[in-house]
Amino acid sequence: MSWIREPDTEPIPGYRLVAPLGTGGFGEVWKCIAPGGINKAIKFVFGNMNGGDDDAAKAEQEFKALERVKAVRHPFVLSMDRIEVANGELVIVMELADKSLYDLVLEYQKAGRPGIPRDMLLGFLADAAEGLDHLIEKHNLQHLDVKPKNLFLIADRVKVADFGLVKHLERQSCSGIMGGITPVYASPETFANKISKHSDQYSLAIVYAELLSGQRPFAGKNIRQLALQHMTEAPDLSMLPDADRSVVAKALSKNPDERFPSCLAFVRALGGAAG
């Protein structure tokens with residue numbers, strides 16, 4: 001059975017829960033106090049790995065993904081302290097972030113701005129791009145779930161987090177990708193259960209448009225509409241400054257080989273454009 005999650009309980013001995021931080025498609029995250037009085041985040045992945053249901057399969061998928069990424073060390077990749085299976089439940093202890101870029105853009109929008117100021121946003125996405133490029137260049141991994149909620153601010157720098165969908169590039173035919181990806185940000189090839197070394201760049205381009213303007217290049221209301229738009233339709237980039245449009249359009253190429261050589265090359269091209 002799963003742990004009962006309440007403040008002041010210890011799902012792992014020595015790790016005391018403080019308060020919930022949020023819930024996503026794969027699990028629930030809490031703030032906790034680790035041994036030595038250090039604040040950490042702890043994620044409980046939905047599903048019991050000893051069961052035989054869909055949630056168990058998702059938990060097993062995330063466990064395998066974490067096995068691929070646990071050796072990664074980079075300043076802009078969120079670090080994990082512990083990965084454990086307790087009574088069948090996958091539990092991950094990680095760095096505690098200040099907020100996500102999703103939280104930040106909501107703050108700007110509540111203040112009457114369409115999104116995050118461009119210069120600030122480019123700095124944040126340069127950090128994310130370095131982290132994503134490290135995954136592919138040093139470990140041959142694609143994140144496959146790049147979105148504002150998975151880009152976290154820690155002391156004004158951004159770290160890439162949430163590795164439940166990470167895939168090794170050698171497995172270019174990845175059946176089951178669509179069971180977990182967020183279709184709003186998904187690259188065209190993933191809808192055909194394939195990945196490339198530039199799949200994350202495509203997602204990062206959509207993140208840029210959304211965080212800058214509050215609008216996305218594809219406005220489909222369901223996965224069928226979004227799949228068709230990603231695979232066959234030109235993105236609507238009218239919300240972007242004129243100089244940005246050709247840069248973002250290149251990163252959103254249907255053919256992965258026509259995108260930029262790296263995520264950082266994409267962000268630097270934006271930096272060279274007149275905002």
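## Histidine 198

Histidine 198 touches Gln142, Glu189, Pro256, Arg259, Phe260 and Pro261, leaving out residues up to four places away in sequence. Contact here means heavy atoms within 4.5 Å. The residue sits in the loop between β10 (167-168) and α4. Helices (H or I, at least four residues) and strands (E, at least two) are DSSP runs, numbered from the N terminus. Histidine 198 is buried, with a relative accessible area of 9%. Buried means under 20% relative accessible area, exposed over 50%, and partly exposed in between (1.4 Å probe, protein chains only). Histidine 198 and leucine 228 are 30 residues apart in sequence and 20 Å apart in space, C-alpha to C-alpha.

## Basis of the model

This is a predicted model, in which local features need pLDDT of at least 70 and side-chain atom pairs count only at pLDDT 80 or more, while totals for chains, interfaces and linings use all residues. Residues are numbered from 1 along each chain as its sequence is written, and side-chain values use heavy atoms, with hydrogens and water left out.

## Helix α3 against α4

Helix α3 (residues 118-139) packs on helix α4 (residues 199-213) at an angle of about 160°, and their axes are 11 Å apart. That makes α3 roughly antiparallel to α4. Axes are lines fitted to C-alpha atoms, for helices over the stretch in contact, and angles run from 0 to 180 degrees between N-to-C directions. Angles under 35 degrees count as roughly parallel, over 145 as roughly antiparallel, 65 to 115 as roughly perpendicular and the rest as oblique.

The crossing of α3 and α4 is right-handed. A crossing is right-handed if the near helix is turned clockwise from the far one by less than a right angle, and left-handed if anticlockwise. On the α3 side, the contact is made by Arg118, Leu121, Leu122, Leu125, Ala128, Ala129 and Leu132. From α4 come Asp200, Leu204, Val207, Tyr208, Leu211 and Leu212. The contact of α3 with α4 has 11 nonpolar, no polar and 2 charged residues. Ala, Val, Leu, Ile, Met, Phe, Trp, Tyr, Cys and Pro count as nonpolar, Asp, Glu, Lys and Arg as charged, and the others, Gly among them, as polar.

## Helix α3 against α7

α3 also packs on helix α7 (residues 263-272), at an angle of about 165° with axes 8 Å apart. The two are therefore roughly antiparallel to each other. Here α3 passes α7 in a left-handed crossing. The α3 residues in this contact include Arg118, Leu122, Ala126 and Glu130. α7 contributes Cys263, Leu264, Val267, Leu270 and Gly271. By class, the contact of α3 with α7 has 9 nonpolar, 1 polar and 3 charged residues.

## The open sheet

An open sheet of 5 strands runs in the order β1-β2-β3-β5-β4, with antiparallel pairing. β1 (16-23) and β4 stand at the edges, each with a single partner strand, so one side of each has no neighbour in the sheet. The twist averages 25° from one strand to the next. Strands pair if DSSP finds at least two bridges between them.

β1 and strand β2 (residues 27-34) pair over 6 bridges. Proline 20 stands opposite tryptophan 30 in β2. Strand β4 (residues 80-86) and strand β5 (residues 89-94) also pair over 6 bridges. Glutamate 84 has valine 91 in β5 as its bridge partner. The hairpin of β4 and β5 has 2 residues between the strands, and asparagine 87 takes a positive phi near 55°.
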